[in-house]
Amino acid sequence: MRLNRSSSAALFDRAQKVIPGGVNSPVRAFKAVGGNPLFIKSAKGAYLYDEDGNKYIEMINSWGPMILGHANEMIEEAVRNAIGKSFSFGAPTKAEVEIAELISHMVPSIEKVRMVNSGTEATMSAVRVARGFTGRDKIIKFEGCYHGHGDSFLIAAGSGAVTMGTPDSPGVTEGTAKDTLTAPFNDLAAVETLVAKNKGTIAAIILEPVVGNMGCVLPAQGFLEGLRKLCDQEGILLIFDEVMTGFRLAKGGAQEIFGITPDLTTMGKIIGGGMPVGAYGGRAEIMNYVSPAGPVYQAGTLSGNPIAMAAGKAMLTYLNEHPETYTYLNKITQRIVDGFRHNLESLGLLHTINHVGSMFSLFFTNSDVVNFDSAKTSNTTMFGKYFQKMLEKGIYLAPSQYETLFISTAITEELADKIIAANKEALKEIHS
Ligand code: PMP
């Protein structure tokens, strides 16, 4: 059944005249999957409503932060209470202390934390501190990992950068690019070689401990341990970019699940409960390099914004006090993944599903997907067709193969079964 999307189409026409590509973040444009993007009017719980009044079951959840579903009443109330006291002071508040204490409690490797306004700010700042602390210039990142749009990271970048065909962005100077070394994800030997060749010059290794930005890719057995050991031996700081995984895979993020302690962690998304928030933190010894405690400068007029802190405090307090949230998320996501696998197998379609906790990706390939090269073996044309079929059936997926899906607690067993049934129909239609 074709949905009426005429209002979205008209808005997209208008948007393209005044916004580059019609959107404020590239992947939203649906370029990789064809068709016009949906313009969203509102969302509640598990559902998203577009400007034409169509209703969709959410499987992206604002790229992760709506872990409790949209417009959660408890968070709404916290925001409403904060709004009455003005929107920004540019001065310290009690809520900032409380949220820092909460983050430090939930993620023990974070002894001190600085709030910023986006994941991009968090990663840019973490790398600056790592450089200031070690007195070294170079960093290692992994092909297909995305760490926001800071210049140092737009080298072999995943997410929208690869979706748009620009993993190495113009506008990044050669001077900056030369300080970013890259290795294939899950290839410890390649990292060891890079480190040996650049001995004493590498400030940090930054990675998504579970990658979301080339699709969902898990760390191989021993990979994170190996990086930790190498960093210890060579005086390199290990930075876990947990912007997606923080407070999602567990209260303590991926580092809790895999039992590896990074030196610095970057976070975002879930802390703000949908408000623009990022954070970076780690060992006090390192974070004490940040101004005004130390010489590495980093600042923000709206950092620690009281409305965002109120949302974040409500969200993190809930997650801290309700560990059963993760049990539920894992169970409901497993149900969906099992259903998808069953559908794909019964239709004899090539596939790989990577899954951890409430994150997963379906790749149309028969290769194991362990890094960027194997992610790229996926049939993206087929993915585009699949995306459109799912949309027609009222399921809102990430509009790119190189993204992960995020499940919220608003997905009931009944909704999970609807998603599985839609997946079966969509697969049948693209197969025939
Ligand atoms: N790091 C990771 C792992 C991300 O997934 C993202 C965004 N998806 C970022 C950093 C950048 O965050 P933001 O878009 O908030 O700048």
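The predicted model contains an open sheet of seven strands in the order E4-E10-E9-E8-E7-E5-E6, with mixed pairing; strands (E, at least two residues) and helices (H or I, at least four) are DSSP runs numbered from the N terminus, and two strands pair if DSSP finds at least two bridges between them. The edge positions are held by strand E4 (112-116) and strand E6 (180-183), each of which pairs on one side only. Neighbouring strands of this sheet are turned by 20° against each other on average, direction ignored. Residues are numbered from 1 along each chain as its sequence is written. Because the model is predicted, local features need pLDDT of at least 70 and side-chain atom pairs count only at pLDDT 80 or more, whereas totals for chains, interfaces and linings use all residues.

E4 and strand E10 (residues 278-282) run antiparallel and are joined by five bridges. Within E10, glycine 278 stands opposite valine 116.

Helix H3 (residues 94-106) lies across E4 and E10, at about 125° to E4. Contacts are defined by C-beta atoms, placed from the backbone, within 7 Å; axes are lines fitted to C-alpha atoms, for helices over the stretch in contact, with angles from 0 to 180 degrees between N-to-C directions. Helix H4 lies across E4, E5 (138-142), E7 (202-207), E8 (237-241), E9 (264-268) and E10, running at about 165° to E9.

H4 (residues 119-134) also gives the most to the shell around the ligand, with three residues. Of the 17 residues around the ligand, Ser118, Gly119, Thr120, Gly148 and Val243 come nearest, a residue being near if its C-beta atom, placed from the backbone, lies within 6 Å.

Note on methods. Two residues are in contact if their C-beta atoms, placed from the backbone, lie within 7 Å.
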